[in-house]
Amino acid sequence: MPRPSPGTPSPAWTDPDCPVARTLDLVGDRWSLLVVRDAMDGARSFTEFQRRTGIARNILTDRLRKLTAHGVLAQQAASSGRRLQYVLTDAGRDLFPVLLTLRQWGERHAFEPGEPHSTLVDRHGTRVPDLRPTGADGAVLDADTTHVRKTGGEGQR
């Protein structure tokens, strides 16, 4: 089933009132997030995305098309002018904290203690600190200190 455009009510939304569900409908499959990850790390061409992810050509073609259609990536002429390249849009760059949180969860829960893995560093080479959301009062927020204020529907977190 084709995915709906953002902001457009559609029976195709998994849970139309839930921002998490709508986001997953748009970018929630494994390959889409890996393409966005690699775009954040400098990949621009079809060949680069394929080499970095190992994704099959037909699946990559589909994901690049969907990410472009949903405004996460845009196409622009490469510096050579001979090919198009993919670049993150503002919406795509807004996924940085999502990928950072997934990365940090993976560092804590997907590796054995001491098992080597890649590390995200800032422009000075310093490891990016753990992301911890805080409320207006500065208190750390988590599942026990927040709740969803639902619309009239039955949406979830």
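In this predicted model, the buried residues of helix 4 pack against helix 1, helix 2, helix 3, strand 1 (73-77) and strand 2. Those buried residues are Leu-60, Arg-63, Leu-64 and Leu-67. Viewed along the axis of helix 4, they fall within an arc of 100 degrees, so they line one face of the helix. An α-helix has 3.6 residues a turn, so residues three or four places apart point the same way. The face of helix 4 turned away from this buried side carries Asn-58, Arg-65 and Ala-69, which are exposed.

The length of helix 4 can be checked as well. Its 13 residues should span 18 Å at 1.5 Å a residue, and the C-alpha atoms at its ends are 18 Å apart, which agrees. Just after helix 4 comes Gly-71, with a positive phi of about 80 degrees.

The next step is the largest nonpolar core, which has 21 residues. Within it, Phe-49, Leu-64 and Leu-73 touch the most other members. Two or more residues of this core are given by each of helix 1 (19-27), helix 2 (30-40), helix 3 (46-53), helix 4 (57-69) and strand 2 (84-88). Helix 2 supplies the largest share, five residues. In soluble globular proteins, nonpolar side chains tend to be buried together.

Leu-73 shows how parts of the chain meet. Apart from neighbours within four places in sequence, Leu-73 is in contact with Val-35, Ala-39, Leu-64, Leu-67, Thr-68, Tyr-86, Val-87, Leu-88 and Thr-89. Among these partners, Leu-64 and Leu-67 are also buried residues of helix 4.

Key: Residues are numbered from 1 along each chain as its sequence is written. This is a predicted model: local features need pLDDT of at least 70, side-chain atom pairs count only at pLDDT 80 or more; totals for chains, interfaces and linings use all residues. Side-chain values use heavy atoms; hydrogens and water are left out. A nonpolar core is a set of buried Ala, Val, Leu, Ile, Met, Phe, Trp, Tyr and Cys residues joined through side-chain atoms within 4.5 Å. Buried means under 20% relative accessible area, exposed over 50%, partly exposed in between (1.4 Å probe, protein chains only). Helices (H or I, at least four residues) and strands (E, at least two) are DSSP runs, numbered from the N terminus. Contact means heavy atoms within 4.5 Å. The expected span of a helix is 1.5 Å times one less than its number of residues. The arc is that of the directions from the helix axis to the C-beta atoms.
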